[in-house]
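Biologist: I am new to this structure and would like a close look at a single part of it, followed by its surroundings. Please take me through it slowly.

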Amino acid sequence: MAQNRNDLLAVLAVVKKYNLKGTEELLKKEAGLIDIPENVAGEAEVNSVLAAYKSEGDPDIYEHSYMELRKFVEESLDIYKHELALILYPVLVHMYIELVYNSHEEQAKKLITKFGPEQEYYYQDELARLSMVTKRDQMSGNDITDTFKSNAFTIRISRDTLSLLKRHLHEKKASVILNIVNEHMYFDLYEGVARNKSQCDATSGAMTGEAKRQDNKIKVYYGLLKEPDVQTLQPAAPPEEDDDMDPDAPDKPKKKKPKKDPLYSKKPKSDPNAPPLDRIPLPKLKDVDKMEKVKALREASKRVNLGPDSLPSICMYTLLNANYTVTCADLCEDSSLIAVGFSDSSIRVWSMTPIKLREMKSAEQLKEIDRDAEDVLIRMLDDRKAETCRTLCGHSGPIYRTSFAPDRTMMLSCSEDCTIRLWSLHTWTCVVVYKGHQFPVWDVRFSPHGHYFVSCSHDKTARLWATDSHQPLRIFAGHLADVDVCIFHPNSNYVATGSSDRSVRLWDVCVGNHHRLLTGHKAPIYSLAFSMCGRYLASGSADKRVLIWDLAHGHLIAALTGHSATIHSMCFSRDGTILATGGLDCALKLWDFTKLVDDISGENVNVSHNPDVRDGEPYLLRTFPTKQSPFLTLHFTRRNLLLGVGMYELGV
């Protein structure tokens, strides 16, 4: 009776919420709810009633219904069998939740013990966690039951396959399964032939099924922004002497006109797929930034062109005496600095060049400096305090990621202590602490254009920040588990995130919504990398595979297999021809990305249907094993030298 009264009070709270006064009076009168205080039922109880599962009376009917469904799938024609098999897992999960909700613990346990091991290997972790929920009151606030109760399980299915399924359920009067199918599953219908086993496997694996086609319909501006014009910085040519007018030097040879620097003569091209320049506000380039661009262009002009016949030289930095203490490593864009994070909450920064890390002069000494001098920044730094290594302390938990600003004046770090810190690389001190995440922060990355950065956390969100604001500008919510990795698109208009819910999402920083939902991984995703052109995204996972996605349509185009452990680092060469991947298997693999793109561009992509996913074996160029050093990070220099960082592990 107490439960019935609670249910009635929860319904009364809903009626009050929507201000249905007449209905409220009738309900009180008929149910005998007199002298009821305000706020009769909490939000949790209201949700519990609204999301209540229907009891089908006899608990043994569930096992019989599941066996009937499984038999129907197994006996179906091969053309339909693989799509029909996709419904077995969500049906089993919701049957278990219904049985537990209606206090049939024994039958629920028997059901999941009998049929759980038959499910795909990538669902076993969720089933094990689900089997720990054996009482109705344990469901409240439980991550996995909340996920399944509040999210429909999505299955891409042909119209013919769905008709066959519905006809079977109606003929067998399988009301238990019909209720689950109608209330907790979403069928993304398409016309045409049903998918085969490999096509179904390619995109399945995420916690709540596959991505809807609607999720990937919005246009994505994947092109690169127009490069800033650096011609204004071209050194002025010396004034020419008019030799023809000099009567005393008739035989003097004429001076040649100085040649134009080809660096300045190239006009930046505009990409038709690029977003408008004013779509998001970007910081204006200072003269120092423009000079850095010129320096980068000069370096790029000396770049080695890579390919199957000219693989990159590789330099591996191995951290010794650091077993189980190093947590992350990062190199700055021009490869002059390396930062390493430690489990004792400290960060160390080393110079990769002969130039030592200088510190800013004291306030007294700074007063004497001429502020209008061209080299004012150099004068502000004290050569006497220069060191090859700097240690930064401030966090109170292990460091999970560091990220250098494009101009190398700042660095970000994130930690288990739920904070992000911004460090000055002039004073070597922490200048801002960003608080907002409620749980450990797994990753933080600067935007390629500076000013903005993105972070992601155990709290299932990613957040967009600006260095000059202590509050996040956007909160990207939608993942159903930890967001383990995040990265900016090269044009800074999008952020990609990878999660333990086994999906990748592409978020628009302008509006805060996800514009691509990519499913296909069978384990948590730990590394992401955008191609140089911005159209393709590579994702590396604990399922030991690298998946390549075409962001134009949201399609999976290739699965690169070969690693024997989790892939934690990936990097594209500066000319975009080679993808390097490094794993915990102490192996570095180089893949021919140009060949892959050429093979894909020759095909006509059928946007309404799943294209075939290419196998990675033909694209593997070479594998380089290390002795006993799993990879922490990979980085291509401006001249296409590949740098790897790892720590030496005993007994790997």
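Modeller: Ser492 lies in the loop that runs between β18 (483–488) and β19 (494–499), where helices (H or I, at least four residues) and strands (E, at least two) are DSSP runs numbered from the N terminus. Before going further, please keep in mind that this is a predicted model, in which local features need pLDDT of at least 70, side-chain atom pairs count only at pLDDT 80 or more, and totals for chains, interfaces and linings use all residues. Residues are numbered from 1 along each chain as its sequence is written, and side-chain values use heavy atoms, with hydrogens and water left out.

Ser492 has a phi near 65 degrees, which is a positive value in a residue other than glycine. Most residues other than glycine have a negative phi. Ser492 is also buried, because its relative accessible area is 1%, and buried here means under 20%, exposed over 50% and partly exposed in between (1.4 Å probe, protein chains only). A positive phi also turns up at Cys418, where the angle is near 75 degrees, and Cys418 is likewise found in a loop, the one between β11 (410–415) and β12 (419–424).

Over residues 476–509 the chain is 59% strand and 0% helix, and the end C-alpha atoms are 9 Å apart. Residues 560–592 have 61% strand and 0% helix, with their end C-alpha atoms 11 Å apart.

Arg622 sits in strand β30 (residues 620–625), and it counts as partly exposed because its relative accessible area is 45%. Although Arg622 and Leu588 are 34 residues apart in sequence, their C-alpha atoms are 8.4 Å apart in space. Leaving aside residues up to four places away in sequence, Arg622 touches Leu311, Leu588, Lys589 and Leu590, a contact being heavy atoms within 4.5 Å.

In helix α11 (residues 175–184), the buried residues are Val176, Ile177, Leu178, Ile180, Val181 and His184. Their cover includes the helices α4 (60–75), α6 (88–101), α9 (143–150) and α10 (159–171), together with the strands β1 (153–158) and β2 (185–190). Elsewhere, Glu105 lies in helix α7 (residues 105–115) and counts as partly exposed because its relative accessibility is 27%. Glu105 touches Thr134 and Lys135, again not counting residues up to four places away in sequence. The C-alpha atoms of Glu105 and Pro59 are separated by 9.7 Å, while the two residues are 46 residues apart along the chain.

Turning finally to the protein as a whole, 50% of its 652 residues count as buried, and Ser492 is one of the buried residues. Among contacts between residues at least 6 apart in sequence, 61% join residues that are at least 24 apart.
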